[in-house]
Amino acid sequence: MKKILALAMTSVLAVMTLASCGGKYTAGEKYAAGKFEEGKYENASIGFGINVPEGYTEVPELPLVEGVTYDLALNDENDNSIYVAVENNSEKLKVDKAAENSLKALADQYESMGFKVDDQKLEDYTIGGNTYRGYTITVTKGLVDEEEEKKDKKAKDDAKDEEAKVEEAKAEEAEAEEAPVEEVPVEIVTIKQAGFFVKCDTKIATVSVTSKTDDAKKIISDNFFAIGE
């Protein structure tokens, strides 16, 4: 799971350079690194802080993305994560376009890892007096497609002649009588990710919350606060 979350985070960072001066999606005039101590992260230059939920610790190994500096990187024992990463602007596209590109990159990345995208949307996040452009995405892996399963079974049945099926049925019945087989449950993994972008002078930060146990958007609403509140 750590690999999955790291890849998902990298997808956001890979297109983060597309964000630049973005109208209302702007924070301070000059970026400065934040401070994380005693369970609280604060960064006045990008306008918000985080009361870090209990159980989160700093990530020992971070995904490598050229030109990216991590201002905050936390995981808990369930591999839920909170990231704040910063990169120089190199293009002149709007923040809302960067959010759109990032969401598409995330959806593509999750699908390439075998996840089904259940829901995705762009939206604004308001923290105190600041508005940030962001996204939410929910993906699932491990569900069995019943229709596909039926098609596969029919194709296999059609490939066998009647005599082979009879013999197979007899063998299966004998085996079942000797040792009942327990069905192995299919693990269903749901990941919810929410994030937003913060433009500040020549820098842009991306904030990402990823969880397989909680609503990522609720983690933001419950734990993020405006500096000075």
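**How the labels fit this fold**

Tutor: Let's start with β7 and strand β8 (residues 130-141): they run antiparallel, joined by 11 bridges. This is a predicted model, with local features needing pLDDT of at least 70 and side-chain atom pairs counting only at pLDDT 80 or more, while totals for chains, interfaces and linings use all residues. Residues are numbered from 1 along each chain as its sequence is written, and side-chain values use heavy atoms, leaving out hydrogens and water.

Student: How do you know that β7 and β8 are paired?

Tutor: Two strands pair if DSSP finds at least two bridges between them. Here there are 11, so β7 and β8 qualify. Aspartate 119, for one, stands opposite threonine 138 in β8. In the hairpin they make, 2 residues lie between the strands, and glycine 128 takes a positive phi near 60 degrees.

Student: And what makes something a strand or a helix in the first place?

Tutor: Both are DSSP runs, numbered from the N terminus: a helix is H or I over at least four residues, a strand is E over at least two. By that count, the protein has 5 helices and 11 strands.

Student: Threonine 136 is in strand β8. Why is threonine 136 called buried?

Tutor: Buried means under 20% relative accessible area, exposed means over 50%, and partly exposed is in between (1.4 Å probe, protein chains only). Threonine 136 has 10%, so it counts as buried. Valine 189, found in strand β9, has 15% relative accessibility and is buried as well. Across the protein, 41% of the 229 residues count as buried.

Student: What makes β5 largely enclosed?

Tutor: In β5, 7 of the 8 residues are buried, so the rest of the structure largely encloses this strand. β5 pairs antiparallel with strand β4 (residues 57-58) over 2 bridges, where threonine 57 stands opposite asparagine 75. With β6, β5 pairs antiparallel over 7 bridges, and tyrosine 70 stands opposite alanine 85.

Student: Why is a group of residues called a nonpolar core?

Tutor: The name is for a set of buried Ala, Val, Leu, Ile, Met, Phe, Trp, Tyr and Cys residues joined through side-chain atoms within 4.5 Å. In soluble globular proteins, nonpolar side chains tend to be buried together. The largest core here has 27 residues, and those with the most contacts inside it are Ile46, Phe48, Ile50, Phe196 and Phe224. Its largest share, 4 residues, comes from β9. A second, separate core of 12 residues includes Leu103 and Val139.

Student: Where does Phe224 sit in the pairing of strands?

Tutor: Phenylalanine 224 is in β11 and is the bridge partner of isoleucine 50. β3 and β11 pair antiparallel over 3 bridges. They belong to an open sheet of 4 strands, in the order β1-β2-β3-β11, with antiparallel pairing.

Student: Why are β1 and β11 called edge strands?

Tutor: The label goes to β1 (35-37) and β11 with each pairing on one side only.

Student: How do you know that the buried residues of α5 are on the same side?

Tutor: Those of helix α5 (residues 216-223) are Ala216, Ile219, Ile220 and Asn223. They cover an arc of only 100 degrees around the axis, which puts them on the same side of α5; the arc is that of the directions from the helix axis to the C-beta atoms. The strands they pack against include β3, β9 and β11.

Student: At what angle does α5 run to β11?

Tutor: α5 lies across β3 and β11, at about 40 degrees to β11. Axes are lines fitted to C-alpha atoms, for helices over the stretch in contact, and angles run from 0 to 180 degrees between N-to-C directions.

Note on methods: Contact = heavy atoms within 4.5 Å.
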